[in-house]
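Biologist: I would like to understand this structure step by step. Please take me through it, and say what each term stands for as we go.

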Amino acid sequence: MSVVKINVLSVPAEQRETLEKRFAARANAVQDSDGFEWFELLRPVEGTDAYLVYTRWRDEESFQAWLGGSMKAAHAGGAEGERPKPAASASTLWSFEVVQQSGPEGD
């Protein structure tokens, strides 16, 4: 059964461009991870400063392996151990199991 992880990031207006550029710079970093199924970065339209980082995984074990491996390395910092200031002011992780899904007919 697939699992969905949604990271809810509070991002001040002045940091939105920074956050989006950082995600764009490593857009393909997760694609080759075992068990990875889908990624989306969702920008808020109105009424909130919360970006949603949606990932879907084959199972919890695949997500945990990525979390402890390539994700950890990607967030470790830049050259010479420098780590850029976070663009988000807060982060919350939501976890779900996929129990039903559908898509357009014919796909």
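Biologist: Let's start with charges: how many salt bridges does the count come to?

Modeller: Side chains of opposite charge can pair when their charged atoms come close. The rule here asks for a side-chain nitrogen of Lys or Arg within 4 Å of a carboxyl oxygen of Asp or Glu. By that rule, the number of salt bridges is six.

Biologist: Good to know! Before we go on, what kind of model is this?

Modeller: Residues are numbered from 1 along each chain as its sequence is written, and side-chain values use heavy atoms, with hydrogens and water left out. Local features need pLDDT of at least 70 and side-chain atom pairs count only at pLDDT 80 or more, while totals for chains, interfaces and linings use all residues, since this is a predicted model.

Biologist: Which residue meets Arg58 in a salt bridge at 2.9 Å, and where do the two partners sit?

Modeller: Asp34 is that partner, with 2.9 Å from N to O. The two belong to distant parts of the chain, 24 residues apart: Arg58 is in the loop between strand 3 and helix 2 (60-68). Helices (H or I, at least four residues) and strands (E, at least two) are DSSP runs, numbered from the N terminus. The other end of the pair, in the loop between helix 1 and strand 2, is Asp34.

Biologist: Is Asp34 buried or exposed?

Modeller: Buried means under 20% relative accessible area, exposed means over 50%, and partly exposed is in between (1.4 Å probe, protein chains only). Arg58, at 37%, is partly exposed. Asp34 has 59% relative accessibility, so Asp34 is exposed.

Biologist: Which residues are linked with Arg58 in a network of salt bridges?

Modeller: Besides its bridge with Asp34, Arg58 also meets the side chain of Asp59, at 3.6 Å from N to O. Asp59 is partly exposed, with a relative accessible area of 23%. The residues linked to Arg58 in this network are Asp34 and Asp59.

Biologist: How many residues apart in sequence are Glu37 and Arg56?

Modeller: These two form a salt bridge, with their closest N and O atoms 2.9 Å apart. Glu37 lies in strand 2 and Arg56 in strand 3, so the pair ties together parts of the chain whose separation is 19 residues.

Biologist: Now the aromatic rings: why does the pair of Phe23 and Phe39 count as stacked?

Modeller: The structure holds five aromatic pairs. Rings of Phe, Tyr and Trp (its six-membered ring) pair if their centres lie within 6.5 Å; planes under 30 degrees apart count as stacked, over 60 as edge-to-face and the rest as tilted. For Phe23 and Phe39 the centres are 6.0 Å apart, and the pair is stacked because the angle between the planes is 20 degrees.

Biologist: In which elements do Phe23 and Phe39 lie?

Modeller: The pair links distant parts of the chain, 16 residues apart. Phe23 is in helix 1 (residues 16-25), while Phe39 is in strand 2 (residues 36-42).

Biologist: What is the angle between the planes of Trp57 and Phe63?

Modeller: Trp57 and Phe63 form an edge-to-face pair, 5.9 Å centre to centre, and the planes make 65 degrees.

Biologist: Which residues do ring pairs link into a cluster?

Modeller: Trp57 is buried at 0% relative accessibility, and Phe63 is buried at 4%. Both are in the cluster, whose members are Phe36, Trp57, Phe63 and Trp66.

Biologist: Over how many bridges do strand 1 and strand 3 pair?

Modeller: Strand 1 (residues 3-10) and strand 3 (residues 50-57) run antiparallel. Among the facing residues, Val8 stands opposite Leu52, and Ile6 has Tyr54 as its bridge partner.

Biologist: Finally, how many residues of strand 3 are buried?

Modeller: Strand 3 is also joined to strand 2, by six bridges, with Phe39 and Thr55 as partners in one of them. Strand 3 is largely enclosed by the rest of the structure, because of its eight residues the number buried is six.

Terms used. Pairing = 2+ DSSP bridges.
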